[in-house]
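Here is a short briefing on strands, sheets and surface charge. Look at the sequence and the structure first, then read the points.

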Amino acid sequence: MKVRILGAGPGGLYSAILAKKRHPHWNVQVYERNRANDTFGWGVVFSDDTLSNFEVADPESYASITQRFTRWTDIDTFAKGERIRSTGHGFCGIARVTLLQVMQQRCLELGVALHFEREVSHTDFPDADLIIASDGINSKTRTELAATFEPDIKLGAAPFIWLGASKKLESFTFIFRDSEHGSFQVHAYPFSEDTSTFIVETNDQTLARTGLEQRPIEESVAYLERLFAAELGGARLLTNKSQWVRFRRVKNARWHAGNVVLIGDAAHTAHFSIGSGTKLAMEDAIALIDALDAQPHVAKALTSYEQSRWVDAAKLQRTASVSQDWFERAAVMHKTMEPLQLVASMMTRSKRVTHENLKLRDPALVAKLDRWFAEKHGFAQDNDMASGARVPPPMFTPFKLRELTLDNRVVVSPMCQYSAREGVVDDYHLVHVGSRAIGGAGLVITEMTDVSADARITLGCAGMYTPEHVSAWKRIVEFVHQRSRAKIGMQLAHAGRKGSTKLPWQGRADAPLTEGAWEIIAPSPLPYKFGSQVPREMTRADMERVSEDFVRATRMSEAAGFDLLELHMAHGYLLSGFISPLSNLRTDAYGGSLENRMRFPLEVFDRVRAAWPEHKPISVRISACDWVEGGLDIDGAIEVSRLLKQHGCDLIDVSSGQTSADAQPEYGRMFQAPFANLIRHAVGIPTMAVGAIQNWDHVNTIVASGRADLCALARPHLADPYLTLHAAVEQGWDVSWPVQYTPAKPKASMDNDK
């Protein structure tokens, strides 16, 4: 085999090492445009968890690299004059140039030919059996074969500069600092006995006010040395081709073209805030050589390599993207959060670390966080924590809205059951809702309940528009109040263009009724998807009628005794249809700008707020992102939430998507919590997080880190109506059980009565 490797970074050199080690007879040559000891950037950092693969793949280079590591276990965060240290993590750093030198030496030992200061193209090697393009983020190979690879490159929002510091820091160091020009933050870590990486990040507005981007780099260095003088302690900031740049997220539709294959930054990039670029490249090399060993033909091997690495790389990129988004908006959180909670938010930002995982690493820090959280939310007023009373897990800290107090932060999310008759709920709904209230959740919210017969999604949807509906719901509300400590909320909605469809188990999703269909209305005459019924564009008279329907349903909900009211302005239903620019193409006062698109939803909200008792809260569910190019994004959702707050909304229930059939959500654990987080801090309003919140650890993570005040769980509550009671037992926390169930209450919980 003739193997030609373009680029002598860690990925390229490691590919050469593994190929030559396993196949000494292969002709392996590496070509690099720069000199042997040229390198950009400073150090490389690994977590302890990432090193085991490297030890197995090549123990010799692993030993040489690890002998040169600088190791540490702490993370220090500086914010608002405080330093908060978290320990128990495990990191190691090495100078990038040292890493390259170790790999170069290993290549020479194995007989790999290294060629430096050689600018080459994949076309220069027509007789090669395999060409590995490890030529970095500015990959010439990727550009030359762009028609096949189909690269997708996206610039980050935050400018940053990659510097060194003439000082060995004690730990992974994060600094949040405000200057007269705006906010800056630092990502820094040691990698040798006298040097550290020092990355400074800011935002467009702040950098523009400093004027540094247009000036010699020495002025940036001097400015930043003054700004971070306390942490530098007299050390100097160092440059290495440093400049203000933006992170480039690189993806490719394909990673191989013929016998040419991309690895490392040429194929994919991951934001520096999770420190995984070098790790990704080296793991690519392992997977590539493994595939070549397993497959008899290069073409099949490259296909196998791409398939094996695609999922892992995509998963890490999603994780990195969440981390990147957090840091790019960190200025908002730095202004609104106390340092301890800011640290918790930062530590759990990518969702790889949760509240429980952090507790295993650093129990003292989490104990301090939980105590602070309990005190902040009034737990100490009724419980003498100073005398030794145990601090509750964050999810069991009470929460108050207006005059409504919830026992805990767990919410049973609205879940359509499609089992009502003429809109009337029955014994099924009593058992469904009642069992989950008995199960310990602080708040149970009804399924989407429609304000008129023609506002329903299906014939099985619940309603609140006749006296029979009031009586049926009142029976359920009274059961919840009499038999549990839960509060109960009513979610009111109008299906809009997603109405008049079959039951979900009667065919494809959102299939229109073929018998018994009714006219549907929407902001614009656009069907939800191909084959859907076309709605009629609403007139002003329609708006007035719908508003009156919402007011009537609100008064009925109060008569039924509900504790909270939620308006459904999400998921492509009628009010959501006005908000999204994808479904609202009106040219009158109710379309166009976001302010205009919000006009009718706010009219409905105002009338509902006036009809609902002042002492009872109202929440609004929104879709914070359409997940479609040109649709509503998080910045738009922040403005939507700000307008709702101005009109008296108490809580934003933050969902996303389902507004367009073209949506492409990026699913994952707690995938919508970042939207709730940004709205909460940018607007200053309580939020409820939803979306793949799977267990009590997720709930503790979200509320303790300040991402949301409440967590709504749907599928987990379908699987386990008693989720909250079980969560209390698993955490050793005592909560009230129904007296009839106390024989089943674990003895440890009873003995540990709080």
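Two strands pair if DSSP finds at least two bridges between them. Strands (E, at least two residues) are DSSP runs, numbered from the N terminus. This is a predicted model: local features need pLDDT of at least 70, side-chain atom pairs count only at pLDDT 80 or more, and totals for chains, interfaces and linings use all residues. Residues are numbered from 1 along each chain as its sequence is written, and side-chain values use heavy atoms, with hydrogens and water left out.

**Strand β24 and its partners**
- Strand β24 covers residues 487–493. Of its 7 residues, 6 are buried (under 20% relative accessible area).
- Strand β22 (residues 449–450) runs parallel to β24, with 2 bridges. Thr449 has Leu492 as its bridge partner in β24.
- Strand β21 (residues 443–445) is joined to β24 by 3 bridges, also in parallel. Here Ile445 stands opposite Gly489.

- In strand β31 (residues 710–713), Leu710 and Ala712 point one way. Cys711 and Leu713 point the other way, and all are buried.
- Strand β20 (residues 410–412) pairs with β31 in the parallel sense over 3 bridges. Val412 stands opposite Leu713.
- Strand β30 (residues 687–689) pairs with β31 in parallel over 2 bridges. Met688 stands opposite Leu710.

**An open sheet**
- This open sheet has 6 strands in the order β8-β2-β1-β9-β17-β16, and its pairing is mixed.
- β8 (113–115) and β16 (256–257) are at the edges. Each has a single partner strand, so one side of each has no neighbour in the sheet.
- Strands β9 (residues 130–133) and β17 (residues 260–262) pair in parallel over 3 bridges. Ala133 has Leu262 as its bridge partner in β17.

**A charged patch**
- Lys154, Lys251, Lys315, Arg318 and Arg669 form a surface patch of positive charge. Patches are made of residues with over 30% relative accessible area and no salt bridge, with like charges joined within 9 Å. A salt bridge is a side-chain nitrogen of Lys or Arg within 4 Å of a carboxyl oxygen of Asp or Glu.
- Lys251 lies in strand β15 (residues 245–252). Its relative accessibility is 33%, so Lys251 counts as partly exposed (between buried, under 20%, and exposed, over 50%, with a 1.4 Å probe and protein chains only).

Note on methods: Patches are made of residues with over 30% relative accessible area and no salt bridge: like charges are joined within 9 Å, nonpolar side chains (Val, Leu, Ile, Met, Phe, Trp, Tyr) within 5 Å. Accessible areas come from the Shrake-Rupley method with a 1.4 Å probe; for residues, only the protein chains shown count as cover. Lys and Arg count as positive and Asp and Glu as negative; His and the chain ends are not counted. The place of a charge is taken as NZ of Lys, CZ of Arg, CG of Asp or CD of Glu. Helices (H or I, at least four residues) and strands (E, at least two) are DSSP runs, numbered from the N terminus.
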